[in-house]
Amino acid sequence: MVSAVSAAPINAPAACPVRTRWTVSGKFFRDAETGTAVFVKAVTWGPFPPGEDPNPIAELRRVRDELGANALRVYETPDRTFLDTCASLGLRVFIGFAWAQHVDFLHDRRLFRTEQERFRHEVSQLRGHPAVAGWLVANEIPAPLVRWMGPHRVNRALEELIRAGREADPGALFAYANYPSTEYLSPRGQDFIAFNLYLEDREAYARYLRRLQHQAGNRPLLVAETGLDSGTHGESAQADALAWQIEEAALAGASGAVLFAWSDRWYRGGERVEGWHFGLTRSDGSARPALHRVSDVWRDWQGPADALKSKSFPRPRMSIVVCTYRGARLLRPCLESLRRLDYPDRETIVVNDGGDADVAAVLADFPEARVVNLSPHGGLSAARNAGARAATGEIIVYTDDDCEADPDWLMWLAYAFETDCLAAAGGPNIPPPPADRLRALVAAAPGGPAHVLIDDLTAEHLPGCNLAVRREVSEAVGGFDERFWTAGDDVDFCWRLIAAGHRIGFHPAAMVWHHRRFTVKAYLKQQLGYGRAEAMLMPLYPGRFGLRGGARWRGRIYLEGPAAWLATSGSRIYHGLRGLAPYQMLYGNGPSHSAAALLLDWTWMATAFLLIALGMLFAIPVTALAGAAMAIASVARAWTIADRAEIATPHASRMARVGIALLALAQGPMRSARRSLGLLQRREPAPADAPLRPPAVSRRPSPRWSFGGRRFAFWSEEGIDRETWLHRFESRCQSRNLPLSPPPEDSDDDVRIGPWHGWLCRVTTVTEYHEKGRTLIRVGVRYSPTRSLAWLGGSALAILGLAAIYAWLATAGWSGQIATWAVLLVTAGFLSPRRPGLPAIEGEIQATARDLGLKPL
């Protein structure tokens, strides 16, 4: 274990203020003893130059008392003695694992396996220590290196590290410390999302935090590094910036912020770092103004919403409407959570749809709740309208009887309404930790209630279990359409709000716990209800549905976990020129526009089984094979959904993903079949004021096919980087009349080679930075056909291939068959990039390295 910091041992660790670890639940860290949400107030600690470690007890007391922090972040694994000292002072520690993440760690799997086992060992050495707040398996893997190794492979490697750590300490929390240049990295299994963020503009900082919240999904977002260099901007500007950075993090609903750094003393790569002045204390230990400024801002914050409670903004009266139909079993915990709400002016209205006696018995224990009896049973929309008529608040807040509200739920909603000038607002509905594997599978299965966001602040749809609307706006649009009995009412309501010119907002901290269905039968029944609701919506909004009934959302569906961002069908990563864009985002159509949904439609699957049956019945192999191919495509789509699903950690396994795949295979056909059945029924014509068809989704060109290729590695004692190598390589290509094309985002240079320059030699590079300024340049070469060659060459090969097959099946002699296959092979060889361009390009790569004095490895 690397001893990054050490301290004198503690005589009585049993008396430590820190006795239990933090846990994560919903969007926040929580105290394990009380269950209350905690706002992480942390600062980075070290690594310090050798021989310059501060006195740990005295300096850590300053962190706690002067700064008011409750946690540290270290970049190397500390020893247990240091953690004991932190625990005695009430400080917890986020531990970063120091390993070879700055090199191509996937080139040699033995290197990665060695580091993985070392991480497993270091985690096991600190297993169960209460001061361990969490482990960061890596920190800011360089974007060019991620592009070189491949985002999917890097994600998988980080997931393997997380699994190794969790096996060593099942009770610990794990995450990857990301940054904007690789925001698309989202390994599965993270307990929270850690993100390093340095922005000097307050508005841009707040805007980007909201974006990160949506990528975090249902997990806490921790700003793992933020700060400002006082040497460049001045100490007063540093103090101002750090004050608004932690305030904006809290107002965005983040679970905490880590300030970079405690001291100007900084040691990295075997050398002392000079010229950095990010510290809250100077090199001599004296405090900068930022230390006291930050302390004044966050000292009284205990939970994430405490930043709101100190701000002055209107807190209008809110009426909470809970609609229940025979829901006595879950109603009690719902009302108990509403009783614990921390909001000054509110009322609770329970609509007992159908006048159920068991519901009335539960309500007798909650005299503060006003009861509206709806008899006979009128349906969900009628119940919501009845609750709205009885409400006295300026804002009507809807939730379901199977939901439990976070104590600060209404406070976050009030803040969203007043800061964003909204007509309606809501937040995430998060499934609580499942009690068993079956509930975990149902919670992770597709088709659950989800919000749809047009951008980071504006929603297109909010589920009715967490939906708040201004009373006058609700009345103006006519409330909920009472034709919708069980589902679809919230979609119709939100679309009518948007059509009337109103804006719907979303705040990620305004969360409720929403119990998913407890059994497979209940889950499939829910999906049938959703299919029926979609059939009712389609005649009302024909422009918002596709041919097979899938909704055409303008925004993105936020249902799957953060790992789904990288795996989304049709998504592309914007790397920028040579992979150096500071904000490398993910673009694409996303799940709401994916044509792959057709593979789980009932018509597709029914056709597949029909073809298989006909082929076997009438002995037509081609027909049976076509049906089998369609069925295999459906199974592959179901497995893709299962592979992307975020399953609760204790229940995640290969068999659990098989179960989700089976649920997907049942859910898709059942929901689409119920939708089709509903469309056969008589429907009213679409109203004249129905919302217009959404704008067409822009399509981006798909990446070119790539074939073959080689990789090279060159060592430089002088620290030559890839930019110097690329400049020299381009000069050599131009001097030899090798035409260059503007490269796409996933390569650095494209050189046209082969017959008619129909092939693109795609050159990609990355620089590994090693100690003492030395570098390793890696160069990769791939070959892609141009579009014209792909069409012409593909057509020629297809025709010749068919001719060869015909010659083989027909009565042509051996000479005719041999001649046909020879023509096919000669044509394929003529179109190959190895004739004559490939050897020339590989020669230029090696010659460029020789020109620069690089040593090949």
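The axes of helix α8 (residues 235-251) and helix α9 (residues 289-298) come within 8 Å of each other and cross at roughly 25 degrees, where axes are lines fitted to C-alpha atoms, for helices over the stretch in contact, and angles run from 0 to 180 degrees between N-to-C directions. This crossing makes α8 roughly parallel to α9, given that angles under 35 degrees count as roughly parallel, those over 145 as roughly antiparallel, those from 65 to 115 as roughly perpendicular and the rest as oblique. The crossing of α8 and α9 is right-handed; a crossing is right-handed if the near helix is turned clockwise from the far one by less than a right angle, and left-handed if anticlockwise. On the α8 side the contact (heavy atoms within 4.5 Å) is made by Glu235, Gln238, Ala239, Asp240, Leu242, Ala243 and Ile246, and on the α9 side by Pro289, Ala290, Arg293, Val294, Val297 and Trp298. Nine of the residues in the contact of α8 with α9 are nonpolar, one is polar and three are charged, where Ala, Val, Leu, Ile, Met, Phe, Trp, Tyr, Cys and Pro count as nonpolar, Asp, Glu, Lys and Arg as charged, and the others, Gly among them, as polar.

The structure is a predicted model, in which local features need pLDDT of at least 70 and side-chain atom pairs count only at pLDDT 80 or more, whereas totals for chains, interfaces and linings use all residues. Residues are numbered from 1 along each chain as its sequence is written, and side-chain values use heavy atoms, with hydrogens and water left out.

The secondary structure of the protein comes to 26 helices and 34 strands, these being DSSP runs numbered from the N terminus (helices H or I, at least four residues; strands E, at least two). Of the 857 residues in the protein, 57% are buried, where buried means under 20% relative accessible area, exposed over 50%, and partly exposed in between (1.4 Å probe, protein chains only). Among the contacts in the protein with a separation of 6 or more, 74% are accounted for by residues 24 or more positions apart.

Helix α8 itself has 17 residues and reaches 24 Å from its first C-alpha to its last, close to the 24 Å expected at 1.5 Å a residue, the expected span being 1.5 Å times one less than the number of residues. Because 12 of its 17 residues are buried, α8 is largely enclosed by the rest of the structure; among these buried residues are Leu242, Trp244, Ile246 and Leu251. Just after α8, Gly253 takes a positive phi of about 85 degrees.

The contact involves Arg109, Phe112, Arg113, Gln116, Phe119, Arg120, Val123 and Ser124 of α3, together with Ala157, Glu160, Leu161, Ala164, Gly165, Glu167 and Ala168 of α5. By class, the contact of α3 with α5 has seven nonpolar, three polar and five charged residues. Helix α5 is mostly covered, with 13 of its 18 residues buried.

Helix α14 (residues 409-420) is likewise mostly covered, with 10 of its 12 residues buried, including Trp409, Trp412, Tyr415 and Asp420. The residue that follows α14, Cys421, has a positive phi near 55 degrees.

Two individual residues illustrate contacts between separated parts of the chain. Thr348 lies in strand β15 (residues 346-353) and, at 10% relative accessibility, counts as buried. Its C-alpha atom is separated by 4.8 Å from that of Ile320, 28 residues apart along the chain. Arg62, found in helix α1 (residues 56-65), also counts as buried, at 17% relative accessibility. Residues up to four places away in sequence not being counted, Arg62 touches Leu67, Trp262, Thr281, Gly285, Ser286 and Ala287.

Particular backbone geometries occur in several loops. A cis peptide bond with omega of about -5 degrees joins Gly46 and Pro47, and Pro47 lies in the loop between β4 (40-44) and α1. Arg326, although not a glycine, has a positive phi of about 55 degrees; Arg326 is exposed, with a relative accessible area of 62%.
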